[in-house]
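Hello,

My notes are below it.

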Amino acid sequence: MSVDSARERILDVATGLFAELGYDGTSTRLIAEAAGLNIATVAYHVGNKRDLYLAIMERAHQRERAALEEATADLTPDVEGVMRLLDRYVDFCAANPDIPSLWVHRWLSDASDVAHLENAYVQPLMQMVADAVGRVAGDDIDVEYLVWSVIWCTHGFARGGVLRGDGRRHRMDDPSALIRFRAHMRRMVTATLGLAP
(Lines give C-alpha, C1' and ligand atoms only; values in the text may rest on other atoms or scores of the structure.)
Protein backbone atom coordinates (compact mmCIF):
# COMPACT_ATOMS: atom_id res chain seq x y z
CA MET A 1 0.00 0.00 0.00
CA SER A 2 1.42 3.40 -0.97
CA VAL A 3 1.78 6.22 1.55
CA ASP A 4 -0.93 8.25 -0.23
CA SER A 5 -3.39 5.35 -0.39
CA ALA A 6 -2.78 4.48 3.27
CA ARG A 7 -3.36 8.11 4.28
CA GLU A 8 -6.57 8.30 2.22
CA ARG A 9 -7.81 5.02 3.67
CA ILE A 10 -7.19 6.30 7.20
CA LEU A 11 -8.89 9.63 6.42
CA ASP A 12 -11.91 7.86 4.91
CA VAL A 13 -12.29 5.45 7.83
CA ALA A 14 -11.79 8.18 10.44
CA THR A 15 -14.25 10.49 8.67
CA GLY A 16 -16.96 7.84 8.91
CA LEU A 17 -16.20 7.18 12.57
CA PHE A 18 -16.04 10.86 13.54
CA ALA A 19 -19.29 11.48 11.63
CA GLU A 20 -21.03 8.61 13.41
CA LEU A 21 -19.51 8.70 16.91
CA GLY A 22 -18.03 12.19 17.11
CA TYR A 23 -14.44 13.15 17.82
CA ASP A 24 -14.77 12.58 21.55
CA GLY A 25 -16.36 9.15 21.02
CA THR A 26 -13.71 7.88 18.60
CA SER A 27 -10.34 6.59 19.73
CA THR A 28 -7.19 6.26 17.66
CA ARG A 29 -7.29 2.54 18.43
CA LEU A 30 -10.79 2.28 16.95
CA ILE A 31 -9.66 4.13 13.81
CA ALA A 32 -6.64 1.86 13.44
CA GLU A 33 -8.72 -1.30 13.91
CA ALA A 34 -11.36 -0.13 11.42
CA ALA A 35 -8.63 0.68 8.89
CA GLY A 36 -6.96 -2.69 9.47
CA LEU A 37 -3.77 -1.04 10.70
CA ASN A 38 -1.94 -0.60 13.97
CA ILE A 39 -1.82 2.68 15.92
CA ALA A 40 1.82 3.32 15.01
CA THR A 41 1.00 3.12 11.30
CA VAL A 42 -1.91 5.52 11.72
CA ALA A 43 0.33 7.95 13.61
CA TYR A 44 3.03 7.66 10.94
CA HIS A 45 0.60 8.60 8.15
CA VAL A 46 -1.58 11.22 9.84
CA GLY A 47 -0.15 12.12 13.24
CA ASN A 48 -2.18 12.06 16.41
CA LYS A 49 -5.97 12.06 16.71
CA ARG A 50 -6.16 15.87 16.72
CA ASP A 51 -4.01 16.08 13.57
CA LEU A 52 -6.25 13.52 11.90
CA TYR A 53 -9.39 15.43 12.88
CA LEU A 54 -7.93 18.69 11.55
CA ALA A 55 -7.06 16.98 8.24
CA ILE A 56 -10.59 15.59 7.96
CA MET A 57 -12.23 18.93 8.70
CA GLU A 58 -9.92 20.68 6.22
CA ARG A 59 -10.81 18.14 3.53
CA ALA A 60 -14.53 18.52 4.30
CA HIS A 61 -14.21 22.31 4.16
CA GLN A 62 -12.40 22.24 0.81
CA ARG A 63 -15.14 20.07 -0.69
CA GLU A 64 -17.92 22.25 0.67
CA ARG A 65 -16.18 25.47 -0.33
CA ALA A 66 -15.65 24.25 -3.90
CA ALA A 67 -19.32 23.27 -4.20
CA LEU A 68 -20.57 26.58 -2.79
CA GLU A 69 -18.17 28.70 -4.84
CA GLU A 70 -19.41 27.02 -7.99
CA ALA A 71 -23.05 27.36 -6.94
CA THR A 72 -22.81 31.04 -5.95
CA ALA A 73 -20.85 31.91 -9.10
CA ASP A 74 -23.83 30.71 -11.17
CA LEU A 75 -26.45 32.46 -9.01
CA THR A 76 -28.88 34.61 -10.94
CA PRO A 77 -30.61 37.31 -8.84
CA ASP A 78 -34.07 35.76 -9.02
CA VAL A 79 -36.13 32.98 -7.46
CA GLU A 80 -34.82 30.38 -9.91
CA GLY A 81 -31.24 31.27 -9.00
CA VAL A 82 -31.91 30.94 -5.28
CA MET A 83 -33.69 27.62 -5.82
CA ARG A 84 -30.74 26.29 -7.84
CA LEU A 85 -28.39 27.34 -5.03
CA LEU A 86 -30.61 25.62 -2.46
CA ASP A 87 -30.88 22.46 -4.58
CA ARG A 88 -27.14 22.32 -5.10
CA TYR A 89 -26.52 22.63 -1.37
CA VAL A 90 -29.04 19.88 -0.58
CA ASP A 91 -27.48 17.73 -3.33
CA PHE A 92 -24.02 18.32 -1.88
CA CYS A 93 -25.17 17.27 1.60
CA ALA A 94 -26.96 14.22 0.21
CA ALA A 95 -23.82 13.17 -1.67
CA ASN A 96 -21.58 13.87 1.34
CA PRO A 97 -23.67 13.01 4.43
CA ASP A 98 -20.59 12.72 6.64
CA ILE A 99 -19.91 16.45 6.29
CA PRO A 100 -23.20 17.63 7.83
CA SER A 101 -22.80 14.96 10.48
CA LEU A 102 -19.33 16.22 11.43
CA TRP A 103 -20.74 19.72 11.92
CA VAL A 104 -23.76 18.50 13.91
CA HIS A 105 -21.36 16.82 16.32
CA ARG A 106 -19.53 20.13 16.69
CA TRP A 107 -22.84 21.86 17.46
CA LEU A 108 -23.10 19.46 20.39
CA SER A 109 -19.69 20.60 21.72
CA ASP A 110 -17.79 17.67 20.26
CA ALA A 111 -14.06 18.38 19.90
CA SER A 112 -14.53 21.57 21.90
CA ASP A 113 -10.77 21.86 22.35
CA VAL A 114 -10.50 22.52 18.60
CA ALA A 115 -12.15 25.90 18.68
CA HIS A 116 -11.00 27.72 15.56
CA LEU A 117 -12.82 25.72 12.87
CA GLU A 118 -16.04 27.73 12.85
CA ASN A 119 -14.18 31.01 12.32
CA ALA A 120 -11.86 29.53 9.72
CA TYR A 121 -14.36 27.42 7.78
CA VAL A 122 -17.97 28.32 8.56
CA GLN A 123 -17.88 32.11 8.67
CA PRO A 124 -16.31 32.67 5.22
CA LEU A 125 -18.79 30.30 3.56
CA MET A 126 -21.70 31.86 5.44
CA GLN A 127 -20.64 35.31 4.29
CA MET A 128 -20.23 34.17 0.68
CA VAL A 129 -23.71 32.62 0.56
CA ALA A 130 -25.35 35.47 2.51
CA ASP A 131 -23.84 38.01 0.11
CA ALA A 132 -25.12 36.05 -2.89
CA VAL A 133 -28.64 35.57 -1.48
CA GLY A 134 -28.66 39.14 -0.19
CA ARG A 135 -28.69 40.38 -3.80
CA VAL A 136 -32.13 38.77 -4.14
CA ALA A 137 -33.55 39.46 -0.66
CA GLY A 138 -35.35 42.61 0.35
CA ASP A 139 -33.99 44.90 3.04
CA ASP A 140 -36.45 43.48 5.59
CA ILE A 141 -35.08 39.92 5.29
CA ASP A 142 -32.55 38.64 7.82
CA VAL A 143 -30.41 36.81 5.28
CA GLU A 144 -28.00 35.51 7.88
CA TYR A 145 -30.81 33.72 9.74
CA LEU A 146 -32.27 32.44 6.48
CA VAL A 147 -28.95 30.88 5.50
CA TRP A 148 -28.50 29.45 8.99
CA SER A 149 -32.05 28.05 8.86
CA VAL A 150 -31.20 26.20 5.66
CA ILE A 151 -28.03 24.82 7.25
CA TRP A 152 -29.77 23.81 10.48
CA CYS A 153 -32.58 22.05 8.63
CA THR A 154 -30.35 20.37 6.06
CA HIS A 155 -27.78 19.15 8.55
CA GLY A 156 -30.48 18.04 10.97
CA PHE A 157 -32.26 16.11 8.22
CA ALA A 158 -28.98 14.57 7.00
CA ARG A 159 -28.07 13.42 10.51
CA GLY A 160 -31.40 12.75 12.21
CA GLY A 161 -33.88 12.35 9.39
CA VAL A 162 -37.63 12.20 9.90
CA LEU A 163 -39.21 9.56 12.13
CA ARG A 164 -42.15 8.00 10.36
CA GLY A 165 -44.90 5.61 11.40
CA ASP A 166 -42.71 2.61 10.56
CA GLY A 167 -40.46 3.58 13.49
CA ARG A 168 -37.48 4.22 11.22
CA ARG A 169 -35.61 7.44 10.53
CA HIS A 170 -35.80 8.46 6.89
CA ARG A 171 -32.80 10.53 5.83
CA MET A 172 -31.25 11.86 2.66
CA ASP A 173 -30.53 8.35 1.42
CA ASP A 174 -34.30 7.75 1.18
CA PRO A 175 -35.36 9.17 -2.22
CA SER A 176 -38.97 9.87 -1.21
CA ALA A 177 -37.91 11.59 2.02
CA LEU A 178 -35.37 13.68 0.10
CA ILE A 179 -38.03 14.78 -2.40
CA ARG A 180 -40.32 15.89 0.43
CA PHE A 181 -37.48 17.63 2.27
CA ARG A 182 -36.40 19.52 -0.86
CA ALA A 183 -39.97 20.65 -1.56
CA HIS A 184 -40.34 21.83 2.04
CA MET A 185 -37.06 23.75 1.91
CA ARG A 186 -38.07 25.41 -1.36
CA ARG A 187 -41.36 26.56 0.19
CA MET A 188 -39.59 27.80 3.31
CA VAL A 189 -36.99 29.82 1.39
CA THR A 190 -39.41 31.35 -1.11
CA ALA A 191 -41.84 32.25 1.67
CA THR A 192 -39.08 33.83 3.76
CA LEU A 193 -37.78 35.84 0.83
CA GLY A 194 -41.32 36.79 -0.23
CA LEU A 195 -40.64 35.47 -3.72
CA ALA A 196 -43.22 33.94 -6.01
CA PRO A 197 -42.42 30.26 -6.70
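This is a predicted model: local features need pLDDT of at least 70, side-chain atom pairs count only at pLDDT 80 or more; totals for chains, interfaces and linings use all residues.

Residues are numbered from 1 along each chain as its sequence is written, and side-chain values use heavy atoms, without hydrogens and water.

Helix pair. The axes of helix H5 (residues 79-95) and helix H8 (residues 143-160) come within 10 Å and cross at roughly 30°. That makes H5 roughly parallel to H8 (angles under 35 degrees count as such). Axes are lines fitted to C-alpha atoms, over the stretch in contact, with angles from 0 to 180 degrees between N-to-C directions. Helices are DSSP runs of H or I, at least four residues. H5 supplies Leu 86, Tyr 89, Val 90 and Cys 93 to the contact, and H8 supplies Val 150, Ile 151, Thr 154 and His 155 (contact: heavy atoms within 4.5 Å).

Largest pocket. It holds about 380 Å³ of space. A pocket is an open set of points on a 1 Å grid where a 1.4 Å probe fits, with protein on both sides within 12 Å along at least five of seven lines; lining residues have an atom within 4 Å of a point. Of 23 lining residues, Tyr 89, Met 126, Val 129, Val 147 and Ile 151 are closest to the centre. H7 gives the most, seven residues.

Second largest pocket. Its space is about 200 Å³. Its lining includes Glu 20, Asp 98, Arg 159, Arg 171 and Asp 173.

Regards

Terms used: Helices (H or I, at least four residues) and strands (E, at least two) are DSSP runs, numbered from the N terminus. Angles under 35 degrees count as roughly parallel, over 145 as roughly antiparallel, 65 to 115 as roughly perpendicular and the rest as oblique. Grid points are joined across faces, edges and corners, and a volume is the space filled by probe spheres set on the points.
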